[in-house]
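Here is a short briefing on how two chains meet and how one of them is divided. The structure comes first, then the points by topic.

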Amino acid sequence: MAKILVYAEQTEGRPASTALELLTKARELGDVAAVALGPGAREAAGPLGRHGAARVLVNEDAVFAEYLAEPATDCLAALVGAESPDLVLFAFSADSREVAGRLAARLGTGLISNAMDVEARDGGFAAKVPYFGGAKVATYRANARPAIVLVRPKSFEAGESGGDGEVVEVAAGAGDGSKRARIVETKTEAADKVKLEDARVVVSGGRGLGGPENFHYVEELADALGGAAGASRAVVDAGWVPYAMQVGQTGKTVRPGVYIAAGISGAMQHTVGMKGSKVIVAINKDPDAPILKMADLGVVGDALKILPKLTEAVRAKRGS
Amino acid sequence: MKIVVTVKQVPDPNAPQGLDPDNTIARDREVVLDPGDECGIEIGLQLKEAHGGEVVLVSMGPEKARDAIRKGLSMGADRGILITDGQLAGADALLTARALAAAIGPESADLVICATESYDGSTGMVPPMLAELLGVPQLTFAKHVEVADGTVTVHRQTEAGYQVVQAATPGLITVTAGIAEPRYASLKGIMAARSKEVRVVTAADLGVERGEAAETVEGIADAESRAAGEVVEDDGTIGVEKIIGVLQAAKVI
């Protein structure tokens, strides 16, 4: 049976949702051990075990929470040596990709990133990866062992296995030379709003809104609908709104009941993060905008005129 | 202070995209210096202005990628290194990182600056690999950067806000697009760039060999696409009416 290591991100005992998603998939593919590092790792082992990790390899050393990437890379490199896994799975997240990148370079194996699915293949593994921004899907067979694959969030639905995991203490394995990029302070600036990934309705704005001074139209509609506001990479890069609002390949992946895209042309960088939405509504001035070709309802028109009227109509309906 | 900025030439993000029939990205498109790299160059130039030193641009790509380096030189960078070799065409992230590391290593830079991710690939795998191969720490997702007394400090963007991350130099930072507004090249800068050095190196010069790729393409298929639904032209009322209908059908209101 194939041996699989899953790098399970956790914060103070709470596993990341991506860790549970990866484990749910991994248990179909082989014998699974999760790796949980940093303060809280032992507490996180409970849910990790219930989602498919037969063993949870833990180390609670604070070094993993204090320094970026390098201590975790050291620990994983040692575990790869000791466990000889066939596959190491990571989430395609900011933190995991930094660890995975260093690990793949250290092992000389390379990796497959941005995957949306992983399959067993003749004793090895293959991964499906969106290609050309998501219009195509490429299937890559991993040649290296271990195969290292980074999987996009929300590619799998997390579910409990009915089993439980054995908790195994492992050595931190982090050398002093890896205590370099130190997190000296953590600042929180996010507001107390509906989480983008969890919202039933997402209203996103793009460059078609003209300027940051018009973005409030998007936020007002999202509020009226009890949903969350998102944005395209173009307007995040332009500094209109914070990165936490970015939907797309390098931002959040969302699958709400209704997704309203206002003034977003539909570059694949964006659509790959929202095309799993149940219903898509697009408002765009340009009748040739690609987003209109994938929307359930496309409205060719000026978002700046439509959004305020729509917000008013929604408030009237919800108020009554 | 010696600063290396990695730069990449990418298909113009503002031009329409196309695929050739064999599923490779159409090469006849307009190519530009990656907009994310312009921000990296800008930060490199600001640090040089504050601390003195040199800004070196390193790129890997076809001969045409010289244009991307040239653009950075006209913004004010001092010289460039272009890694170009048919053997490296279509390189994966690890091979790219190896070639870049082989070219950058001998520069003994205090700081290597990369964009968080490229505009075309957007997977951001090269910077951590490059940091590992150079044996330096990585300070990533920087929306603010400072260097003082041999220490680099960044504000690393996170979901909930940011982290203040510090390391002694040498180090590698990745910068977000919001970190700085890239300057325009002045006419003087464009003229000066013509006489700046761009050294061309091959895989053999760098001692980099192409090994087995990490992956083999088994196939490329069309993604499950969503069929287009109804498209209406707004006349001042129908847009709102139709959207309200959709929201009601979805039981959102």
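The contact draws 66 residues from chain B and 76 residues from chain A. Two residues count as in contact if their C-beta atoms, placed from the backbone, lie within 7 Å. This is a predicted model, in which local features need pLDDT of at least 70, side-chain atom pairs count only at pLDDT 80 or more, and totals for chains, interfaces and linings use all residues. Residues are numbered from 1 along each chain as its sequence is written, while chains are lettered from A and ligands numbered from 1 in the order in which they are written.

**Chain B side of the contact**
- Seven elements of chain B each supply at least two residues to the side that touches chain A: α3 (93-104), α4 (126-134), β7 (138-148), β9 (161-168), β12 (215-222), β13 (230-233) and α7 (238-249).
- Helices (H or I, at least four residues) and strands (E, at least two) are DSSP runs, numbered from the N terminus.
- β12(B) gives the most to this side, with eight residues.
- By class, the side of chain B that touches chain A holds 36 nonpolar, 17 polar and 13 charged residues.
- Ala, Val, Leu, Ile, Met, Phe, Trp, Tyr, Cys and Pro count as nonpolar, Asp, Glu, Lys and Arg as charged, and the others, Gly among them, as polar.

**A sheet across the two chains**
- Four strands form an open, antiparallel sheet in the order β8(A)-β9(A)-β10(A)-β12(B); strands pair if DSSP finds at least two bridges between them.
- β8 (117-121) of chain A and β12 of chain B are the edge strands, each with a single partner, so one side of each has no neighbour in the sheet.
- The twist averages 25° from one strand to the next, with axes fitted as lines to C-alpha atoms (for helices over the stretch in contact) and angles running from 0 to 180 degrees between N-to-C directions.
- Seven bridges join β10 (residues 136-142) of chain A to β12(B), and the two run antiparallel.
- Within this pairing, Ala142(A) stands opposite Glu215(B).

**Domains of chain A**
- Chain A is divided into domain 1 (3-178) and domain 2 (196-319); the bounds come from an automatic or database domain assignment.
- Their C-alpha centres lie 32 Å apart.
- Eight residues of domain 1 of chain A are in contact with seven residues of domain 2 of chain A.
- The domain 1 side has four nonpolar, two polar and two charged residues.

**Confidence**
- The model scores ipTM 0.91 and pTM 0.89.
- Chain B averages a pLDDT of 92, and 95% of the residues score at least 70; pLDDT is the predictor's confidence in each residue, from 0 to 100.
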